[in-house]
Amino acid sequence: MENFLIRRIRVLLLMLFLLGLTTAGAVEQTTFDVIQGAKRWDRVNKLWELAVGNPQPLFPDDNILIREFDELKIGSKETRLLQLPYWPRTDAEFTCVVEIEAKGSGMLTMTHRNQRNSIVDQWDENFKGSGLVVFNCIWPYVVMDEKEKYESRFSLSSSRPVEVKKLYIYQTMRQIFRLDSQNPFRGIMFNRPAPANSEILDSISMTRLSEQTVPLITSSGGGLGYGLPMPVFAQNGCGVMWRMFGDVSIIVNANAEASEGKLHRRSFEVGRKGEWKQGFFAMETAWLNRLDADGYWVGSMGEKQNLLASIRGGSGGDSLLDYVVFIPQNRINLPKGHKYKNMQFRFQGTNGLFQRASFEVPPESEAVAMVNRNPGIQILWLIKNEWQLGNVLRVYLDSSLVVRENSIVFIE
């Protein structure tokens with residue numbers, strides 16, 4: 001009954017919001033499906049995530065945590081493995097992997113506790129002898145005293161004696177973008193693993209790279225109609241997120257015929273030799289649009305498939321690829337001959353509270369774009385086939401533009 005009343009109140013507030021936008025002129029509400037580019041609809045919290053940039057790290061100072069232990073024996077008694085002076089990012093799935101030496105089968109119990117030593121959650125996983133035991137975890141958000149010093153404590157117990165060698169904590173690419181959830185990110189493109197060249201490093205399945213350039217992103221067919229939708233060919237038009245071990249070159253191909261593809265490409269050097277690195281950069285995309293691909297990045301075109309991006313390892317053969325993700329930014333097309341004067345929506349500001357954004361719609365504008373320039377969200381207007389700068393929004397955490405669902409409206 002309480003949830004029903006809350007939903008009715010939200011609907012009423014939205015109706016009052018729409019009625020209060022203007023006393024004259026029509027109001028056109030934007031639906032989620034017409035927004036092009038990478039996006040996520042959080043149906044639980046009734047939010048849209050747009051202008052996706054660099055996701056917040058799992059820990060304040062890193063994305064991958066590795067701990068080694070010397071002759072650490074675990075039995076039925078709960079034994080602490082790790083204590084950190086902060087929480088992992090809340091409400092975000094992550095992976096805890098324990099490397100053990102054991103004889104026979106049994107069950108491990110992973111326990112997470114906070115600074116009060118209260119149990120946050122527990123997980124059980126079976127094992128059959130020595131190897132890696134994987135726990136899929138989440139640290140839920142709980143309101144605490146702002147003055148309280150946060151801590152996270154990771155403990156382990158076992159149904160039979162085992163020796164713990166290492167602990168790994170990180171997010172997989174699928175967890176970062178919630179791809180296995182009911183509300184995943186849509187509109188991104190990422191590399192597929194190559195089983196023939198895969199190997200395990202620090203519990204993560206990686207693809208070994210050589211100094212030879214190999215395809216990274218390809219299309220399912222050839223020609224202008226196949227590729228990655230790229231709604232915004234402009235500055236910061238696409239984000240690129242990656243995780244590697246070692247140094248790597250990511251080579252991006254502009255839209256071109258196969259015979260001229262090598263003339264129109266750029267190389268981005270990422271990673272560092274002998275180290276784990278995770279990073280993000282915003283890619284300028286106007287140079288990609290050499291051909292009229294109708295809002296598609298098609299790369300170097302072929303008869304059966306197009307080559308959008310390639311990858312090459314550094315010298316020495318010590319480069320390993322986990323993932324590369326391309327994140328197109330957002331665009332909303334405006335109807336031809338529209339008479340819109342204003343665009344409004346509710347978004348999460350720098351203080352975490354939701355506030356109203358209101359922009360004038362330039363005359364003769366054909367579309368509006370929202371791109372993450374980290375920091376801030378840049379509004380762009382497409383006028384006479386050129387993107388022109390609009391307002392800049394300062395947003396919470398800068399990782400994306402979080403908007404109340406169904407709150408984007410255009411007013412005549």
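1. **Ground rules.** Residues are numbered from 1 along each chain as its sequence is written. Since we're looking at a predicted model, local features need pLDDT of at least 70 and side-chain atom pairs count only at pLDDT 80 or more, while totals for chains, interfaces and linings use all residues, and side-chain values use heavy atoms, with hydrogens and water left out.

2. **Confidence.** The chain has a mean pLDDT (the predictor's confidence in each residue, from 0 to 100) of 91, and 93% of its residues reach 70 or more. Helix α1 (residues 2-21) is where confidence is lowest, with a mean of 55, while strand β3 (residues 47-50) is where it is highest, at 98. Helices here are DSSP runs of H or I with at least four residues, and strands are runs of E with at least two, numbered from the N terminus.

3. An open antiparallel sheet of 4 strands runs in the order β5-β10-β7-β8. Its edges are β5 (79-84) and β8 (119-128); each has a single partner strand, so one side of each lacks a neighbour in the sheet. From one strand to the next, the twist averages 20°, using lines fitted to C-alpha atoms and angles from 0 to 180 degrees between N-to-C directions. Strand β10 (residues 152-158) pairs with β5 over 5 bridges, in the antiparallel sense; pairing takes at least two DSSP bridges between the strands. If you want a spot to look at, Arg-80 has Ser-155 of β10 as its bridge partner.

4. **Another four-stranded sheet.** β24-β27-β28-β29 is the order of an open sheet that is also antiparallel. Here β24 (330-333) and β29 (386-393) are at the edges with a single partner strand each, so one side of each has no neighbour in the sheet. β24 pairs antiparallel with strand β27 (residues 365-372) over 4 bridges, and Arg-331 has Ala-369 of β27 as its bridge partner.

5. **Nonpolar cores.** The largest core has 31 residues, and Ile-100, Phe-135, Leu-156 and Ile-169 have the most contacts inside it. A core here is a set of buried Ala, Val, Leu, Ile, Met, Phe, Trp, Tyr and Cys residues joined through side-chain atoms within 4.5 Å. Elements giving it two or more residues include β5, β10 and β11 (162-170). Ile-169 touches, among others, Leu-58, Leu-82, Phe-94 and Phe-154, leaving aside residues up to four places away in sequence; contact means heavy atoms within 4.5 Å. A second, separate core of 28 residues includes Trp-242, Val-252, Val-270 and Phe-326.

6. **Strand β17.** This strand (residues 238-253) is mostly covered, with 15 of its 16 residues buried; buried is under 20% relative accessible area, exposed over 50%, partly exposed in between (1.4 Å probe, protein chains only). β17 pairs antiparallel with strand β19 (residues 265-283) over 16 bridges, and with strand β23 (residues 319-328) over 8 bridges. There is also an antiparallel pairing with strand β22 (residues 307-313) over 5 bridges. Val-252 stands opposite Arg-266 in β19 and opposite Ala-309 in β22.

7. **A glutamate worth a look.** Glu-163 sits in strand β11 and counts as buried because its relative accessibility is 11%. Its side chain makes a polar contact of 3.4 Å with that of Lys-165 (N or O atoms within 3.5 Å, one able to donate a hydrogen and the other to accept it; residues adjacent in sequence count only if both atoms are side-chain atoms). Beyond four places away in sequence, Glu-163 touches Glu-71, Leu-72, Lys-73, Glu-99, Ile-100 and Glu-101.
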